[in-house]
Amino acid sequence: MRKPYVILIGSASGIGKSTIAAELAKKLNIKHLIESDFIRAVVRGIIGKEYAPALHSSSYDAYKNIRNKSRYTSYDELVSAGFDDHASYVIPALEKIIQRAITDYDDIIIEGVHLVPGLINTEQFSDYANIYFFILSSDEESHKERFVKRAVQIHRGGKQLDFFKENRIIHDHLLNQARTNNVHIINSESIDQTLEKILGIINKSCMTIKLINEVEDLDDVINIIINENKGTLEKITYNIKGFKEPLIRNIGVSDSESANTFLKNINEDESKKEYLNELYKLSEYRQTTICASNPERLEKIVNELNKKGYVLNE
């Protein structure tokens, strides 16, 4: 019997995790979809406000209940600490739900703001389930637009908009925690693009090819892999002449924003560009691991790179 899927989708409020989780459940035919807000409501009924004031606050204003605020050196640290305190009351119940799903061999998706990388212990389930943890991100302007749109459509979210600054602090805190704990960060663009990125990781098809492009071709290579085909650049291995051990770089770039930042850093820094040029000269080719959402998409990426003459065919 295969291991059940446990898929966790977290983000700050207003990023679109509920929509993505619902669509993902349809795509994967997973019947168990749970919002952490419902679990929080149950836990609130068990633990009184006098014992856990942070729990009975919202995630974005739980910092107001921290007793010794002076120990935090910045407002961002204070808001993040209050948010973690709020989430920490919900996480043990979420872990119990995961354990029950695994015991029953049920696939499950859990979405919510309370899924904080580093606080929820997914390692304890790794031997018994296929664990996938995603944190959704968004640029500030798009995030605010979603808040306004939701407030207009369902007459809810106005209060959260008043605390937009705090929600952005939580957003950045979750991203930092995701990076620290090797959790996938998915830039939430359109629903289709976001789903494709997530499915690309869950149903990942990968291939290692030998690239012989020049540094000047990097823009085109990355455009083919990431921007046009929503693939992932996972790992690059440089077999350097005169060295016994290869130089391995784990890249893990899957979104346009990260790719563009990577390219900008190289193009604007002559020393980095020169270093990369020297590295290319010292290696006949670069073993590059590319992943995509399915075998057909992966084949399309490789064919396009091959047509441009970027692949070493032996």
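I count a residue as buried under 20% relative accessible area, as exposed over 50%, and as partly exposed in between. The model I am reading is predicted.

**Confidence**

I checked pLDDT before anything else. The chain has a mean of 90, and 96% of its residues reach 70 or more.

**Disulfide**

I looked for disulfides and found one in the structure. Cysteine 206 is joined to cysteine 291, with an S to S distance of 2.0 Å. The pair ties together distant parts of the chain, 85 residues apart: cysteine 206 belongs to strand 6 (residues 205-211) and cysteine 291 to strand 9 (residues 283-292). I noted a torsion about the S-S bond of about 100 degrees, so the disulfide is right-handed.

I then asked of each cysteine: buried, exposed or partly exposed? Cysteine 206 has a relative accessible area of 40%, which lies between the limits of 20% and 50%, so cysteine 206 is partly exposed. Cysteine 291 is at 1%, which is under 20%, so cysteine 291 counts as buried.

I traced an open sheet of five strands with parallel pairing, in the order 2-3-1-4-5. Strand 2 and strand 5 (184-187) are at the edges; each has a single partner strand, so one side of each lacks a neighbour in the sheet. From one strand to the next the twist averages 20 degrees.

Leucine 33 is placed opposite isoleucine 109 of strand 3.

I also followed helix 1 (residues 17-28), which lies across strand 1 (5-10), strand 2, strand 3 and strand 4 (130-137). Helix 1 runs at about 160 degrees to strand 1.

**Isoleucine 34**

I picked out isoleucine 34, which sits in strand 2 (residues 32-35). What does isoleucine 34 contact, leaving aside neighbours within four places in sequence? I listed Ile39, Ile97, Ile108, Ile109, Ile110 and Glu111. I also looked up leucine 8, 26 residues from isoleucine 34 along the chain; their C-alpha atoms are separated by 9.8 Å.

**Hairpin**

Last, I turned to strand 7 (residues 232-240) and strand 8 (residues 247-253), which run antiparallel and are joined by five bridges. Leucine 233 is opposite valine 253 in strand 8. The two strands form a hairpin with six residues between them. In the turn, I noted that glycine 242 has a positive phi of about 90 degrees.

Definitions and conventions
Residues are numbered from 1 along each chain as its sequence is written. This is a predicted model: local features need pLDDT of at least 70, side-chain atom pairs count only at pLDDT 80 or more; totals for chains, interfaces and linings use all residues. Side-chain values use heavy atoms; hydrogens and water are left out. Helices (H or I, at least four residues) and strands (E, at least two) are DSSP runs, numbered from the N terminus. Contact means heavy atoms within 4.5 Å. Two strands pair if DSSP finds at least two bridges between them. pLDDT is the predictor's confidence in each residue, from 0 to 100. Axes are lines fitted to C-alpha atoms, for helices over the stretch in contact, and angles run from 0 to 180 degrees between N-to-C directions. A disulfide is a pair of cysteine sulfur atoms within 2.5 Å. Buried means under 20% relative accessible area, exposed over 50%, partly exposed in between (1.4 Å probe, protein chains only).
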